[in-house]
Amino acid sequence: MTINCTGSLIDLSTPKVMGILNLTPDSFYDGGKYKNESQILKQVEKMLTEGATLIDIGAYSSRPGADHITEQEEEKRILPVIKLILSQFPDSILSIDTFRSMIAEKCILAGAAIINDISAGSLDDRMMTTVAELQVPYIMMHMKGNPKTMKSLDQYTDLLYEIQLYFSKKVAEARKKGVHDIIIDPGFGFAKHTDQNFELLQKMELLGLQGLPILAGISRKSMIYKTLGIQPEQSLNGTTVLNTVALLNGASILRVHDVKEAMECIKLVDRFSSPIIQNQ
C-alpha cells in the first residue's frame, strides 16, 4: 500500500487527502476561481497547510458535457502552474489530471509525480506505455465514453461486476506494460447516474479485491447536491458525510476541494475504528 512519488514513499495504509486545483474555466464547482499566480499559490498553501499529501492539478474539464480543448491549450494552462508551485513549494507532490500521454510526459519532466487518468488509457493508447517509461504512480478511473458522451452511457447489467472486470483488464494491461504503482478510482459521476453512484459507494469495499489502493472522488458532486436539492456551493456537509462512508468502505485517498474537513473525517474514522481501551 505504498507508492513511490519522486523518491518519497507514501504509505496509503493510512488514508491520505488529495487536494483539487482546477485550472479550467468551466469546472462544475470552482471553474475559473484560480486565475492568477497569487490565487493559485494561496490555494495550494492552504491545502498543504491543512494536511493535503497530494495536489491534483487539472486543466481539462471532465464534467459531463464539458467542452473539448486542444493539447496545446491544456499544456499552456498546466505547465507554468507546475513550475510556479514547485518554485514555492518544492516538496509538494503534484498529481496531473490528464488522459493525454504527451501532457503526462511533459508534466512529469517538469517535476510532477503522479498521473491521474480518467480514462485508464482508453482515450490515448500511449498513456500506459508513457507512465511505465516515466516510472510514476498511475491512478486509473472507471469511465465509459468521454466527458461529452458519458452521461448517456450509464447502462449496466451488473454495475459492480462490470467495474471489477474493467479494472481487472486495465490493471493487467498496465502491469504488462511495466506500471508498478497503481491506484483505482471507481469514477463517481462518470457514466453513472445518482442511484448507481450510491450503489457503488455502498459496495465500494468489494473493489478491495483488486488488492490496490482506492481513490474516492465524491467532493461536491451531483449525487450530493441533487439528492439534497441544493447547489455545489452548499454541498460541503454532504461531502463530509459521504467521505466518511467512503473511508469506512476502504478508501485510501479522498480527492477533495476542502482539505481541512477531509482530514477531520480521516481522524475521526481512525478513532472510531481503533480498539476501545477500558479504564480500569
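## Exercises on a predicted model

N243 has a relative accessibility of 2% and therefore counts as buried. The model used in these exercises is a predicted one.

**Exercise 1. Place N243 in the fold: which helix holds N243, and with which residues is N243 in contact, apart from neighbours within four places in sequence?**

Solution. 
- Step 1: N243 belongs to helix 8, which covers residues 236-248.
- Step 2: The cut-off for buried is under 20% relative accessible area; N243, at 2%, therefore counts as buried.
- Step 3: With neighbours within four places in sequence set aside, the contacts of N243 are I218, L254, V256 and C265.

**Exercise 2. Determine how many aromatic pairs the protein has, and classify the pair of Y60 and F99.**

Solution. 
- Step 1: Ring centres must lie within 6.5 Å to pair, and planes over 60 degrees apart count as edge-to-face.
- Step 2: Under this rule, two aromatic pairs are counted.
- Step 3: For Y60 and F99 the centres are 4.9 Å apart and the planes stand at 80°, so this pair is edge-to-face.
- Step 4: The pair links distant parts of the chain, 39 residues apart. Y60 sits in the loop between strand 4 (54-58) and helix 2 (71-88), while F99 sits in the loop between strand 5 (93-97) and helix 3 (101-109).
- Step 5: Y60 and F99 are both buried.

**Exercise 3. Describe the geometry of the pair Y166 and F167, and decide whether each residue is buried or exposed.**

Solution. 
- Step 1: The rings of Y166 and F167 are 5.4 Å apart, centre to centre, with 80° between the planes, and the pair is edge-to-face.
- Step 2: Y166 has 14% relative accessibility and so counts as buried.
- Step 3: F167 has 0% relative accessibility and so counts as buried.

**Exercise 4. Find which residue lies over the face of Y156.**

Solution. K144 lies over this face, 3.9 Å from the ring centre of Y156.

**Exercise 5. Summarise the whole protein: its secondary structure, its radius of gyration and its buried share.**

Solution. 
- Step 1: The secondary structure consists of nine helices and ten strands.
- Step 2: The radius of gyration is 18 Å, close to the 19 Å that the globule rule gives for 280 residues, so the protein is as compact as a globular protein of that length.
- Step 3: Along the principal axes, the C-alpha trace spans about 60 × 45 × 40 Å.
- Step 4: Buried residues make up 54% of the 280.
- Step 5: Of the contacts between residues at least 6 apart in sequence, 68% join residues at least 24 apart.

Note on methods. Residues are numbered from 1 along each chain as its sequence is written. This is a predicted model: local features need pLDDT of at least 70, side-chain atom pairs count only at pLDDT 80 or more; totals for chains, interfaces and linings use all residues. Side-chain values use heavy atoms; hydrogens and water are left out. Rings of Phe, Tyr and Trp (its six-membered ring) pair if their centres lie within 6.5 Å; planes under 30 degrees apart count as stacked, over 60 as edge-to-face and the rest as tilted. Helices (H or I, at least four residues) and strands (E, at least two) are DSSP runs, numbered from the N terminus. Buried means under 20% relative accessible area, exposed over 50%, partly exposed in between (1.4 Å probe, protein chains only). A charge sits over a ring if NZ of Lys or CZ of Arg is within 6 Å of the ring centre and within 35 degrees of the ring normal. The radius of gyration is taken over C-alpha atoms; the globule rule is 2.2 Å times the number of residues to the power 0.38. Contact means heavy atoms within 4.5 Å.
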